[in-house]
Amino acid sequence: MPRLGLFCGTFNPIHNGHLLIAECAADQFKLDTVIFVTSPVPPHRQKGLLPADLRYELVEAAVADNSRFEASRLELDRSGPSYTVDTVLSVKQRCGDDPVYLVIGGDNLNSIHDWHKSDLLIANCHFLVAPRLVYRTVMVTNAGDKTDSAFLETVVEEEVAQKYQLPGAQVSIIDFPAVSISSSIVRARLSAGKSVLYMVPKPVHDILLRSGYASAEVQSNG
């Protein structure tokens with residue numbers, strides 16, 4: 001049976017950070033396939049969201065050149081409420097008795113017990129946690145400067161791995177180089193008419209331009 005990873009998200013839009021996490025997870029845990037499932041969005045979160053079909057198209061374009069990656073409309077095409085546990089159980093039909101390796105952000109792990117049918121989810125998943133990035137501002141003193149000047153520097157760190165625990169569950173930490181790219185940063189740059197090339201894969205960048213989600217100025221520079 002294949003070892004399957006499952007990466008569910010709104011992917012609004014998908015970016016290189018998502019792909020890096022999935023690639024490192026596949027390599028570290030010997031996954032045959034990582035399935036990117038584009039999630040629908042509750043009505044109260046519609047603001048600032050790209051259309052569902054466009055988000056899926058971007059995911060499909062982003063994963064097309066990786067033989068271990070697969071795009072799925074499983075949640076978009078499901079009628080009624082869409083729960084992660086239902087997606088996991090559906091995917092589990094392909095991997096038999098083995099668990100589904102569910103990629104999840106570290107900030108979501110502590111709320112798993114509040115998820116729909118969490119006990120069933122925990123029983124069928126091995127959670128692969130992508131540590132959350134933490135931004136800290138520290139004072140740095142230049143000892144070689146006669147004026148003994150100091151300045152503030154923002155550093156990015158990963159939260160301590162020991163923090164990611166879920167009693168009764170299989171939990172592992174994904175070892176990946178931290179990158180401070182987020183979908184919100186991509187959207188903000190698009191809104192400001194700035195380039196997002198190299199933050200998102202080239203095919204994703206081209207679709208965003210073609211769809212009118214980037215300015216003519218960025219398009220001419222792309």
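Biologist: Before we start, buried means under 20% relative accessible area, exposed means over 50%, and partly exposed is in between. Which of these is Arg73?

Modeller: This is a predicted model, and in it Arg73 has a relative accessible area of 25%, so Arg73 counts as partly exposed.

Biologist: What does the charged end of Arg73 sit over?

Modeller: The ring of Tyr56, with the charged end of Arg73 5.2 Å from the ring centre.

Biologist: And which side chain does Arg73 meet in a salt bridge?

Modeller: That would be Asp53, with an N to O distance of 3.2 Å. The two belong to distant parts of the chain: Arg73 is in the loop between strand 3 and helix 3, while Asp53 is in helix 2 (residues 52-63), and they are 20 residues apart.

Biologist: Is Asp53 buried or exposed?

Modeller: Asp53 is exposed, because its relative accessibility is 52%.

Biologist: OK, zooming out. How many salt bridges does a search of the whole structure find?

Modeller: Six. As a general point, side chains of opposite charge can pair when their charged atoms come close.

Biologist: What does Glu57 form a salt bridge with?

Modeller: With Arg210, where the closest N and O atoms are 3.3 Å apart. This one also links distant parts of the chain, since Glu57 is in helix 2 and Arg210 in helix 7 (residues 202-210), 153 residues apart. Glu57 is partly exposed at 31% relative accessibility, and Arg210 is exposed at 59%.

Biologist: How about Glu70, what is its partner in a salt bridge?

Modeller: Glu70 pairs with Arg94, and their closest N and O atoms are 3.2 Å apart. Glu70 is in strand 3 and Arg94 in the loop between helix 3 and strand 4, so this pair ties together parts that are 24 residues apart in sequence. Glu70 has a relative accessibility of 28% and counts as partly exposed; Arg94, at 38%, is partly exposed too.

Biologist: Which residues do salt bridges that share partners join into one network?

Modeller: Asp53, Arg73 and Asp77.

Biologist: Switching topic to the aromatics. How many aromatic pairs does the count come to?

Modeller: Four. In one of them, Phe7 and Phe11, the ring centres are 5.4 Å apart and the planes meet at 75°; edge-to-face needs an angle over 60 degrees, so this pair is edge-to-face.

Biologist: And what kind of pair do Phe11 and Phe36 form?

Modeller: A tilted one, at 5.9 Å centre to centre with 45° between the planes. Phe11 is in the loop between strand 1 and helix 1 and Phe36 is in strand 2, so the contact ties together parts 25 residues apart in sequence.

Biologist: Are those two buried or exposed?

Modeller: Both Phe11 and Phe36 are buried. The relative accessible area of Phe11 is 4%, and Phe7 is buried as well, at 8%. Ring pairs link Phe7, Phe11, Phe36 and Phe69 into a cluster.

Biologist: What is phi near in Phe11?

Modeller: Near 45°, which is a positive value in a residue other than glycine. Lys30 also has a positive phi, near 55°. Lys30 is in the loop between helix 1 and strand 2 (33-38), and with a relative accessible area of 58% Lys30 is exposed.

Biologist: Where is the cis peptide bond?

Modeller: Between Asn12 and Pro13, with omega about 0°. Pro13 belongs to the loop between strand 1 (4-9) and helix 1 (16-28).

Biologist: How many bridges join strand 1 to strand 2?

Modeller: Six, and the two strands run parallel. Cys8 stands opposite Val37 in strand 2.

Conventions. Residues are numbered from 1 along each chain as its sequence is written. This is a predicted model: local features need pLDDT of at least 70, side-chain atom pairs count only at pLDDT 80 or more; totals for chains, interfaces and linings use all residues. Side-chain values use heavy atoms; hydrogens and water are left out. Helices (H or I, at least four residues) and strands (E, at least two) are DSSP runs, numbered from the N terminus. Buried means under 20% relative accessible area, exposed over 50%, partly exposed in between (1.4 Å probe, protein chains only). Rings of Phe, Tyr and Trp (its six-membered ring) pair if their centres lie within 6.5 Å; planes under 30 degrees apart count as stacked, over 60 as edge-to-face and the rest as tilted. A charge sits over a ring if NZ of Lys or CZ of Arg is within 6 Å of the ring centre and within 35 degrees of the ring normal. Two strands pair if DSSP finds at least two bridges between them. A salt bridge is a side-chain nitrogen of Lys or Arg within 4 Å of a carboxyl oxygen of Asp or Glu.
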